[in-house]
Amino acid sequence: MEDLRLAEKKARDCLAVDKYNVEASETLANIAQFLPIAESAPIYEQLLSTFPTVAKFWKQYVEAQMAVNNDDAVKHIFSRCLLNCLQIALWCYIRFIRKVNEKKGAEGQEETRKAFDFMLSYVGTDISSGPVWMEYITFLKSIPAVTVQDESQRMTAIRKAYQRAIVTPIHHVEQLWRDYESFENSVSQALAKGLLSEYQPKYNSARAVYRERKKYVDEIDWNMIAVPPTGSCKEEQQCMAWKRLLTFEKTNPQRIDVASSNRRVAFTYEQCLMYLYHYPDIWYDYATWHARSGSMDAAVKIFQRALKALPESEVLCYAYAELEESHGEIQAAKKVYENLLANSETATALSHIQFIRFLRRTEGIEAARKYFVDARKSPNCTYHVYVAYAIMAFCLDKDPKVAQNVFEAGLKRFMHEPGYILEYADFLCRLNDDRNVRALFERALSLLPPEESVEVWKRFAQFEQTYGDLGSMLQVEQRRKEALSSRGEESSSSLESSLYDVVSRYSFMDLWPCSSRDLDHLARIEWLAKNINRKGDKTTLPYETGSSEKNLALQAPNSKTGLASTKVIYPDVSKMVIYDPRQKPGAGLPPNATVPGLPIVSASTSLTNSLSSVGNGTSKTPDEMLKVMSPALVTFIAHLPVVEGPSPNVDIVLSILAQCNFPTGATGKSTRLQHQSAVGPVQSTTNDLAGPAKSWSNANSSSARPQSHAGKRRDSDRQDDDEITVQSQPLQRDIFRLRQMRRARGLTSSQTGSASVGSGAISGEPSGSSG
C-alpha cells in the first residue's frame with residue numbers, strides 16, 4: 001500500500017505541472033482500481049474532468065461502482081457518458097441492464113430489449129459492433145413464447161435484427177449472413193428463397209464497403225487519449241487518418257439513403273472527437289457539414305459544444321457568430337460576441353475590432369462609434385483598435401477629418417509604437433498630405449529610441465523618394481545613417497555615401513538599376529564595409545540561399561525587412577580537434593618528423609593536451625582555438641559566410657575563397673610534401689605514374705632505351721618509396737601503385753628488363769618478372 005501511495009503522489013505531482021500528462025493519468029487510473037470506492041471516485045472525477053472522452057476511464061469508473069452494487073451511481077455515470085463516448089467497449093451498460101432486469105420476468109425482458117435497441121441505434125454502425133448484434137439476436141432467441149402470437153412476434157424481431165445487421169459494414173458480417181441463412185431455412189425454405197435473394201445484393205454491398213472501410217479503420221489508434229495538439233508526427237498521422245475515414249464516409253460508398261448516410265457520417269465525427277477533442281478544425285468541419293446538410297440546429301449545437309470544449313478558441317467564436325449572422329440570426333450572433341468580450345481571458349484587441357465591424361454591418365456606423373468609445377477604456381485596447389476604426393470611418397463616411405481625429409487621439413497614447421506611426425503615415429499619404437507626413441515623422445523620430453526607429457527611418461526615406469526633391473532625399477538618408485550609427489547599425493566608415501545607396505534609392509519594387517552580379521557584389525562590399533573595424537568578429541556575409549535580387553531586397557535600406565542580422569554565428573568548437581597525422585598510430589611519420597604548415601608539437605605539448613580543458617567542464621574561447629590553427633585554416637574560417645539554414649550558398653563561398661590570398665609555407669620539396677599530405681596518396685600516385693607511362697610509350701622505337709628508362713624508373717620508385725615513409729600509406733586497392741612496386745622489385749633483382757615485361761605490368765597482365 002505504501003508503494004501505491006508513493007506512486008499516487010508522484011502521479012499527482014506530474015499532473016500538477018501538466019494536467020494533460022498521459023502517462024501520469026493512466027498511472028493514477030490504474031492505482032484507483034486498487035483503492036476503495038470512496039477514495040477512487042474523486043480520482044476518476046478528476047481524470048474525467050480533464051479527459052471527458054476517454055472511454056476506458058469511464059468504464060473503470062462505472063465498473064468500480066458496479067462492483068459495490070451502487071446502482072444509482074452507475075445510472076448517473078451512464079447518463080453522463082453514453083452519448084458522448086460512442087465506443088463499443090463502454091457499453092457494458094447492457095450487462096448492467098440485464099443484471100437489473102433478470103428477475104423481473106417479461107417486463108424485465110422488454111426493458112432489456114429496449115436497451116439493446118437504444119444502444120444499437122447509436123453504435124450499431126460501429127465497425128466493431130458485430131458481437132453486440134450477435135448478442136442481441138441471441139437474447140431475442142432466448143425470449144420464451146407462450147402463444148402463437150408471441151412466437152410470431154419473436155421471429156419477426158429476430159428477422160429484423162438479422163436484416164439490419166447484414167446490411168451494415170461491420171466485423172463478423174459474413175458470419176451474420178450465414179446465421180441468417182440458417183435461420184430463414186429453419187423457418188421456411190420457401191419463404192427463405194425469396195428473402196435471401198432480396199437481401200443478397202445488399203449483403204454483398206455491405207461486405208465490399210466493410211473491406212474498404214477496414215483499410216481506413218486499421219490506420220487509427222483506438223487507444224489514443226485526447227490531448228491538445230503538440231505537433232508530433234503521430235498526432236498528425238492520426239488526424240489525417242480520421243480525415244481520410246470521414247472523406248470515405250461522406251462519399252456514401254454503400255449508396256444508401258441520405259438520412260442513413262448522414263447518420264453514419266455524424267457517428268464517425270462523434271467517434272473522431274473522442275480522440276481529437278482539442279482540435280478546432282474538426283469541430284468546425286463537423287458544424288459546417290451539418291449546416292451544408294441543411295441542419296442548422298445541429299450545427300449550432302456542435303458550435304456550442306465546441307466552445308464548451310475549447311473556451312479559449314477565439315476563431316471558433318467568430319465561426320459560430322458568422323454562421324448565425326449568415327442565416328439572419330443577428331441577436332444570436334451578437335450574443336456570441338458579447339460572451340467572448342465578457343471573458344477576460346478571451347477578450348483581445350482583435351475581438352474589439354471584429355465586434356466593431358459586426359455592429360457596423362448589422363446596426364450601422366453610429367452603433368460602431370458608440371462601442372469604439374467604450375472600447376478605448378478597455379485594458380486590452382491597443383493601437384490596432386484605433387487604426388481599424390479610423391480606416392473604417394474613412395472608407396464608409398468618406399470624411400477624412402473624422403479618421404484623422406481618431407489617429408490624432410490615438411497618437412497621444414501610442415506615440416511610442418512604430419507600427420502606429422507607420423499606419424498614420426500611410427493614411428496621410430493616401431490624403432496626399434505630405435506636410436503633415438513630414439511633421440509626423442519628425443515628431444516620432446524625436447521621441448523614439450534608435451533601436452525602435454529603424455522601420456520609421458526606412459519609411460521616411462521611402463516617402464522622400466516619392467514626394468521630396470533630391471536634397472531632402474539625400475538629407476534624410478544621411479540623417480538615418482547618423483541616427484542608426486549610435487546603436488551600432490552603421491560604422492563610421494559607412495556614413496559616407498556609396499553606390500549601394502544609389503541602387504537603393506533608384507530601385508522600385510522588383511526593378512533594379514544594375515545586373516544581378518552587380519547586386520551581389522555591392523551587397524557584399526556594403527556589408528563588409530560596415531564591419532571593417534570590428535575586431536574579433538569574422539567578417540561573414542548575412543546571405544541566404546536565393547536570387548541576387550532577393551538578397552539585396554533583404555538588405556536594401558528602402559526594403560521593408562531591413563538588413564539581416566549582423567550577429568556572427570560561431571561553430572561549436574568545444575570538442576574540435578585539429579587533424580595531425582602524428583596523433584594517429586601507424587600514420588607513417590617518424591617520431592621526430594615535421595610537416596610544414598602544422599605547429600611543432602611534442603608529446604608533452606600536443607594539441608590534445610592543449611584542448612584537455614574541454615573534458616574538465618571548461619571550453620576554449622574561439623580566439624584561443626584559432627591560435628593553435630594553421631594560418632591557412634584561420635584565413636579559411638575567417639571568410640566563411642554565416643549559415644542560418646541547413647546549408648550555405650556554395651557559389652558565395654567559392655566567390656569569397658577565390659578572392660582570398662591564403663598564407664603559404666616554404667617552397668620546394670616541403671611545399672610539395674604539404675600539398676601531397678592534403679591531397680592524399682591517390683593523387684601523388686597518379687602523378688608518379690605519368691613519367692613511366694610516358695617512357696614506355698616510346699619503347700617500340702629503340703630496344704636499348706628500355707634499360708635506361710628502367711634505371712630511371714628504379715630511381716623514381718626509390719624516391720617514391722622514401723616519400724611513402726613521410727606520407728600516409730597508399731590505399732590497398734591502388735592497383736597501379738601495387739603493380740609499379742612489384743615491377744620495381746623485379747627490375748632490381750634482375751637488373752634487366754624488356755618492353756614486353758613493362759607493357760604487361762602496366763596493362764595489368766601478369767608477367768614472370770613481377771613475381
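The protein exposes about 41,900 Å², and carbon and sulfur atoms supply 54% of this area (Shrake-Rupley method, 1.4 Å probe; for residues, only the protein chains shown count as cover). The model is predicted, so that local features require pLDDT of at least 70 and side-chain atom pairs pLDDT 80 or more, whereas totals for chains, interfaces and linings use all residues. Residues are numbered from 1 along each chain as its sequence is written, and side-chain values rest on heavy atoms, with hydrogens and water left out.

Of the 771 residues in the protein, 42% are buried (under 20% relative accessible area; exposed means over 50%, and partly exposed lies in between, with a 1.4 Å probe and protein chains only). The protein contains 37 helices and zero strands (DSSP runs numbered from the N terminus, H or I of at least four residues for helices and E of at least two for strands). Among contacts (heavy atoms within 4.5 Å) with a separation of 6 or more, 56% are between residues 24 or more positions apart.

Glu8, Ala11 and Leu15 are buried in helix 1. These residues cover an arc of only 70° around the axis and therefore lie on the same side of helix 1 (the arc is that of the directions from the helix axis to the C-beta atoms). The cover over the buried residues of helix 1 includes helix 2 (22-32) and helix 3 (37-50). On the face turned away from the buried side, helix 1 carries the exposed residues Glu2, Asp3, Leu6, Lys9, Lys10, Ala16 and Val17.

Gln60 is located in helix 4 (residues 55-67) and is buried, at 14% relative accessibility. Apart from residues up to four places away in sequence, Gln60 touches Ala29, Asn30, Gln33 and Tyr44.

Helix 10 (residues 173-187) reaches 21 Å from its first C-alpha to its last, close to the 21 Å expected for its 15 residues. Its buried residues include Val173, Leu176, Trp177, Tyr180, Phe183 and Glu184. They span an arc of only 125° around the axis, which places them on the same side of helix 10. Helix 8 (130-142), helix 9 (148-166) and helix 11 (189-217) are among the elements that cover the buried residues of helix 10.

Aromatic pairs (Phe, Tyr and Trp rings, the six-membered one for Trp, with centres within 6.5 Å; stacked under 30 degrees between planes, edge-to-face over 60, the rest tilted) number 39. Tyr269 and Tyr286 form a stacked pair, because their ring centres are 4.7 Å apart and their planes at 15°. The pair links helix 13 (residues 258-275), which holds Tyr269, to helix 14 (residues 280-292), which holds Tyr286, across 17 residues. Tyr269 is buried at a relative accessible area of 1%, and Tyr286 is buried at 3%. Ring pairs also link Phe372, Tyr383, Tyr386, Tyr389, Phe394, Phe407, Phe414, Tyr420, Tyr424 and Phe427 into a cluster.

His352, in helix 18 (residues 349-362), is buried with a relative accessible area of 6%. Beyond its neighbours within four places in sequence, His352 is in contact with Leu341, Tyr371, Ala375, Ser378, Asn380 and Val385.

Conventions
The expected span of a helix is 1.5 Å times one less than its number of residues.
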